[in-house]
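Please read them with the structure open.

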Amino acid sequence: MPDMPLTPDELLTTTRSVRKRLDLTRPVPPDLVKECLEIALQAPSGGMRQGWHWIVVTDPAVRAQIGDFYRRSTESYLSNAAADPSRGAGTGSQVMARVSSSSAYLGQHMGQVPVQVIPCITVRSAWQAGESQAGLWGSLLPAAWSYMLACRARGLGTAWTTLHLQYETEIAGLLGLPDDVRQGALIPTAYYTGDTFRPAARRPLADVLHADRW
């Protein structure tokens, strides 16, 4: 499939979290996922260690098991969010309702998504109290985002999710991950329905920009 004719700005502003519009019935060619991952490997990593690993799950039984963990975590998260009035503060109620609805939908259907991609990274030693993890995750998350951008440019939809990490140990056991490999996200990957995406509403830059100091 040829790349979509998107400018860099269009690619960066229209790569959205796709949940309800994931096509659960259309297979995704493995070579297309690998092509996107090859691009992801060009992302920066701390000290050029490239300690990332990519678990690509297509086995229906394994996807279903991960989907069940994800569903349970999503239900717990949405229940807690509904009971906490501070969540989503500053965001319109209609927007939050749409987000909750789409999150619930993905929670129910994660196990049916054709491809689940789990970016992981090697942890070389135990974390000490007060030690920053920014360097570790900063060596993985740019690559994961590059994967999502590459997917968008090829007509695939993705979503950045971490709710499965409530069951990180169980999923690690399911996938046979070594003890020194940690999961960073769960990225459902599928073709999407509809035509395209548009930029999302965001807080004005003036509200979040701090020049020289807070």
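1. Strand 2 (115–122) pairs with strand 5 (residues 187–191) in the antiparallel sense over 3 bridges, where pairing requires that DSSP finds at least two bridges between two strands. Within this pairing, Gln-116 stands opposite Pro-188 of strand 5. The helices (H or I, at least four residues) and strands (E, at least two) named in this note are DSSP runs, numbered from the N terminus.

2. The model is a predicted one, in which local features need pLDDT of at least 70 and side-chain atom pairs count only at pLDDT 80 or more, while totals for chains, interfaces and linings use all residues. Residues are numbered from 1 along each chain as its sequence is written, and side-chain values use heavy atoms, with hydrogens and water left out.

3. Strand 5 also pairs with strand 3 (156–158), again in the antiparallel sense and over 3 bridges, and here Thr-189 is the bridge partner of Thr-158. How many residues of strand 5 are buried? The count is 5 of the 5, so strand 5 is largely enclosed by the rest of the structure; buried means under 20% relative accessible area, exposed over 50%, and partly exposed in between (1.4 Å probe, protein chains only). In a regular strand the side chains alternate between the two faces of the sheet. Both faces of strand 5 are covered, with Ile-187, Thr-189 and Tyr-191 buried on one side and Pro-188 and Ala-190 buried on the other.

4. The largest nonpolar core has 25 residues, and those with the most contacts inside it are Val-28, Val-33, Trp-54, Val-117, Tyr-147, Leu-156 and Ile-187; such a core is a set of buried Ala, Val, Leu, Ile, Met, Phe, Trp, Tyr and Cys residues joined through side-chain atoms within 4.5 Å. Two or more residues of this core come from each of helix 2 (30–40), strand 1 (52–57), strand 2, helix 6 (141–153) and strand 5. Helix 6 gives the most to this core, with 6 residues.

5. Leaving aside its neighbours within four places in sequence, Trp-54 is in contact (heavy atoms within 4.5 Å) with Leu-37, Ala-40, Leu-41, Val-117, Ile-118, Pro-119, Ala-143 and Ala-144. There is also a second, separate core of 22 residues, which includes Leu-22, Tyr-70, Val-113 and Tyr-192.

6. On helix 7 (168–175), the buried residues are Glu-168, Ile-171 and Ala-172. They cover an arc of only 105° around the axis, which puts them on the same side of helix 7; the arc is that of the directions from the helix axis to the C-beta atoms. On the other side of helix 7, Thr-169 and Gly-173 are exposed. The cover over the buried residues of helix 7 includes helix 3 (60–83), strand 2 and strand 4 (181–183). Gly-176 follows helix 7 and has a positive phi, near 70°.

7. His-164 lies in the loop between strand 3 and helix 7. Is His-164 buried or exposed? With a relative accessibility of 0%, His-164 counts as buried. Not counting residues up to four places away in sequence, His-164 touches Tyr-70, Ser-73, Ile-118, Ile-171, Gln-183, Ala-185 and Leu-186.

8. The structure holds 5 salt bridges, each defined as a side-chain nitrogen of Lys or Arg within 4 Å of a carboxyl oxygen of Asp or Glu. One of them joins Arg-154 to Glu-35, with the closest N and O atoms 2.6 Å apart. Arg-154 lies in the loop between helix 6 and strand 3 and Glu-35 in helix 2, so the pair ties together parts that are 119 residues apart in sequence. Arg-154 is buried at 7% relative accessibility, whereas Glu-35 is partly exposed at 35%.

9. Asp-68, Arg-71, Arg-72 and Glu-75 are linked in a network of salt bridges. Asp-68 pairs with Arg-71, the closest N and O atoms being 2.6 Å apart, and both residues lie in helix 3, 3 residues apart, about one turn of the helix. Asp-68 also forms a salt bridge with Arg-72, for which the closest N and O atoms are 3.4 Å apart; these two residues of helix 3 are 4 residues apart, again about one turn. Asp-68 is partly exposed at 31%, as are Arg-71 at 25% and Arg-72 at 34%.
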